[in-house]
Amino acid sequence: MIYRMSSLVALAVLASGCVATNYTLVEPGARAVAGLQVNATSGWNQAPPMSTPSMQKGAVLWTHDGPLLDQLIIIPGVADGEPLMKSSNKSAAMPLFKKDMLPNEIEELTESTFVKYFGEGNAVVTTKNLRPQRFGENRGVMFDVDATVSDSPKYRGTAGAFVANDKLYMMFFLGAVPHYFDKHAATATSVIQSAMLTGGSSTAATN
Amino acid sequence: MNVPRFFRLPTLSILIALLSGCVMSSNVQQIDRLESVGENPRIVMMPPDVKYYLLTASGVPEPNVEWTTAARENFHVAMTDYAASIGTELEFISQDNLSENEIRYESLHSAVGSSLLNHHFGMMKLPSKNGKFDWSLGPEIASIGENYDADYALFVYYRDYQASGGRVALAVLAAAVGGAVATGSEHGFASLVDLKTGDIVWFNVVNAGAGELRNKDGAATAVRALFKDIPTARGSGEQQ
Amino acid sequence: MRQPRTVVLLACLLAYWPVFGAESETLDHRIPPGYEPVEAEDELGLWMEMREYEQALKQSALLVRDPGLNDYLQEIVCRVAAGYCKDFRVYLIRNPDFNASMTATGMMQVWTGLIVRANSTDEIAAVIGHEISHYTLLHSLATLRALKKKLATGTFVDIALILATGYGTGLGQTMAALSVMSFSREQETEADLLGVRLLAEAGYDPHASYGIWDKIIAEEEAAEVKREKPGAFGKTHPEAKLRAAYLKELVTARYGPPDAEAVADQRLLSVLNNNYMLLMEDQLDTNRYGRTKELLERHAALGVEPSLVRYFYGEMFRQRGSDGDRDLAKSAYLHSIELGKAPAKAYSNLGYLYLKAGDMESAKTYFVKYLEIDPDASDREMIEFYLED
């Protein structure tokens with residue numbers, strides 16, 4: 001969980017002195033994120049891996065105002081049988097992607113993953129407005145997200161996903177309500193919709 | 001049964017404590033003076049989050065009623081005097097009277113405050129900001145301004161952990177074996193929000209030595225420290 | 001395999017016997033109704049903190065405000081609490097896990113996961129009676145004091161713990177620390193014993209007190225992903241089996257054997273039926289299909305609206321996705337539809353299943369029906385995409 005730092009970790013950092021954790025600027029324009037290519041708009045900052053322990057290898061988190069307020073997460077190439085996000089908790093029961101998933105199942109996979117991401121029992125997540133979307137030559141989907149989280153502002157979100165070569169490519173944006181979702185939704189959506197496989201030709205969409 | 005909520009978002013206390021070692025700057029001032037359509041700028045004071053604890057040898061912070069009550073009462077008085085001295089009118093809202101909308105903004109402000117502490121004052125800078133301070137609660141907060149006929153909203157957070165004798169002894173022991181035990185501290189922040197735009201126009205982080213809220217003079221000092229360089233109705237250069 | 005287990009259980013029971021042998025007769029409330037602390041500073045401080053926590057809880061985004069559910073719980077609380085009724089406020093929180101908790105100030109939290117797991121109102125009353133007993137037996141304050149004492153006299157190993165639980169602990173974490181480090185084993189047993197008495201005196205079935213634990217054990221056994229018992233939390237709850245055992249002993253000895261199969265609990269059924277979609281959708285989102293299946297079996301036996309139960313069987317099989325589950329899901333949705341009260345998604349999810357099986361015609365049939373039943377469906381665009389194909 002990105003922003004759930006343990007007290008012990010926090011105190012360890014305190015004890016060890018200051019550690020500059022480097023967010024890096026995302027240059028606008030075509031950007032490669034593992035096997036995916038997206039068109040980054042301006043103003044995004046990429047989080048250092050150390051502050052995103054639940055992310056899969058190759059996945060990135062971008063933000064304008066800090067992850068507590070807005071976050072764009074790109075998860076390229078989740079393999080069959082793998083979860084969208086990792087959990088060190090053995091009893092987490094993270095839902096797993098299956099290569100023959102249809103749009104409704106991808107939506108459910110994401111909803112359940114968000115619940116675990118915010119903390120099981122800490123969040124109620126709903127999804128809606130499932131709709132088809134093309135990502136380059138691949139047919140995929142988009143849908144919207146609403147999350148009510150305890151001790152936190154609400155979050156609204158937009159997600160885009162497609163399956164190619166038996167792998168799931170997922171891009172989603174979450175913004176705090178009020179204000180932060182609205183502030184960045186348009187630009188985040190354009191980044192999501194610009195996603196496509198790198199390397200030109202791709203196999204036909206499987207759904 | 002349930003996953004223990006032991007490991008959660010670091011509280012603001014921890015963030016501010018972290019900053020005490022790593023802070024570059026602790027104050028941001030966006031505007032020179034307070035503006036208002038009315039005669040005096042009106043500020044609505046969100047329920048101040050002020051708490052006093054006795055930090056016992058065991059490390060369990062005991063919320064202390066007498067101190068917290070005194071602290072809050074003195075804070076109230078000191079704030080009222082201070083607001084007048086900078087030419088503003090201050091209206092206090094109590095937690096019980098918050099509307100759902102106001103609760104939403106309280107929650108958002110905590111998230112924005114934490115983000116500020118991490119990304120502006122702290123080490124996790126966001127390069128695209130380029131040092132710019134442009135965190136806002138958004139213009140829809142104007143509804144609060146209308147509700148209270150106010151120009152600005154003030155948020156205050158303050159924690160004071162007073163070490164007991166036993167705690168100090170433990171600290172000495174711990175130091176002897178190379179460990180470290182925090183002996184007590186006070187810290188807090190104050191932030192001023194323009195209710196027309198939602199922009200945070202002034203933000204101040206306070207660490208040790210801020211003052212003693214439990215007595216009247218100490219409270220006045222603490223309030224001045226908390227509100228260091230806050231824009232006044234008359235503009236900078238005419239501070240208290 | 002069984003013999004040694006029984007021996008161990010008996011041995012543990014014997015260890016506990018002094019508690020409920022001697023004390024159970026004399027165990028009684030330790031504070032009067034309307035109690036408020038006057039002198040002790042730490043107690044006053046604890047009350048202040050808890051009052052503020054309650055303020056925050058009232059405004060929590062996950063608070064369930066439905067009057068039907070809240071009235072139901074409030075009635076149970078007042079009946080079990082008897083003279084102490086006015087000392088409690090009960091808050092229903094949307095959390096799919098099984099839990100209830102009580103603070104020193106009479107603030108009770110009940111999670112929706114408890115409601116969805118209950119087989120009878122008596123079981124809910126048993127949990128509430130247990131929590132009420134923690135309050136009247138003054139356990140929170142005792143725990144706070146014991147915790148302080150223990151940490152202060154601990155070795156340097158404890159310093160890390162002190163750092164973690166002490167400095168920088170905000171309200172939420174104090175509460176968390178208190179609930180995690182919560183009551184000792186002795187206190188849990190005391191609350192069980194007094195709770196049983198309150199339950200019986202209020203006219204509820206005392207056998208429900210161990211019934212719950214039997215079901216928790218059954219659920220754990222049915223689960224595909226077992227619970228971890230993280231550190232301190234696991235230590236302060238007596239093993240569910242042990243608890244079920246000693247409660248059964250005690251209740252049977254005092255109140256005789258359980259009645260023949262109870263009649264359907266209409267009040268609980270009504271509450272479950274009216275909130276089933278919310279309760280089960282939250283359960284589904286946990287992705288714990290082994291447990292979901294266990295709960296569905298109980299709901300079916302209880303008599304919860306069969307059309308809804310069938311629908312969620314469909315959802316559960318689909319989520320589990322083992323060999324043959326797709327067909328089981330299909331049958332479940334079809335059955336739900338047949339029973340007349342299927343939610344709209346039964347149709348669309350059936351459509352997707354046919355799509356997967358390559359049966360385009362059936363898929364379209366159900367997609368069309370879905371849009372007829374729910375013309376405002378938010379995923380219309382997605383469904384129409386398949387209809388145009």
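Tutor: Start with two helices. In this predicted model, the axes of helix α3 (residues 67-81) of chain C and α13(C) come within 10 Å and cross at roughly 155°.

Student: What is the handedness of the crossing of α3(C) and α13(C)?

Tutor: Left-handed, as α3(C) passes α13(C).

Student: Which residues of α3(C) and α13(C) meet?

Tutor: From α3(C), C:Gly68, C:Leu69 and C:Tyr72. From α13(C), C:Arg267, C:Val271, C:Asn274 and C:Asn275. By class, this contact has three nonpolar, three polar and one charged residue. Gly counts as polar, so C:Gly68 falls in that class.

Student: Now chain A. What is the strand order in the open sheet of eight strands?

Tutor: The order is β1-β4-β5-β6-β10-β9-β8-β7 in chain A, with antiparallel pairing.

Student: What makes β1 and β7 of chain A edge strands?

Tutor: Count partners. β1 (24-25) and β7 (123-135) of chain A each have a single partner strand, so one side of each has no neighbour in the sheet.

Student: Which helix packs on this sheet?

Tutor: Helix α19 (residues 380-388) of chain C, which touches β7 and β8 (138-149) of chain A. The direction of α19(C) makes about 40° with that of β7(A).

Student: How do you know that β4 and β5 of chain A pair?

Tutor: Pairing needs at least two bridges. Strand β4 (residues 45-46) and strand β5 (residues 60-63) of chain A have two, in the antiparallel sense. Here A:Asn45 stands opposite A:Thr63 in β5(A).

Student: And the sheet of three strands in chain A: which are its edge strands?

Tutor: The order is β2-β3-β11, again open and antiparallel. β2 (29-33) and β11 (196-197) of chain A pair on one side only, which puts them at the edges. β2(A) pairs with strand β3 (residues 36-40) of chain A over five bridges. A:Ala30 stands opposite A:Asn39 in β3(A).

Student: How many residues does each chain bring to the contact of chain C with chain A?

Tutor: Chain C gives 31 and chain A gives 30. On the chain C side, α7 (158-165), α13 (266-285), α17 (344-357) and α19 each supply at least two residues. The largest share, five residues, comes from α17(C). That side has ten nonpolar, ten polar and eleven charged residues.

Technical notes
Residues numbered from 1 in each chain as written. Chains lettered and ligands numbered in written order. Predicted model: local features only at pLDDT ≥ 70, side-chain atom pairs only at ≥ 80, totals over all residues. Helix = DSSP H or I, 4+ residues; strand = E, 2+ residues; numbered from the N terminus. Contact = placed C-beta atoms within 7 Å. Axes fitted to C-alpha atoms, helices over the stretch in contact; angles between N-to-C directions. Left-handed = near helix turned anticlockwise from the far one by under 90°.
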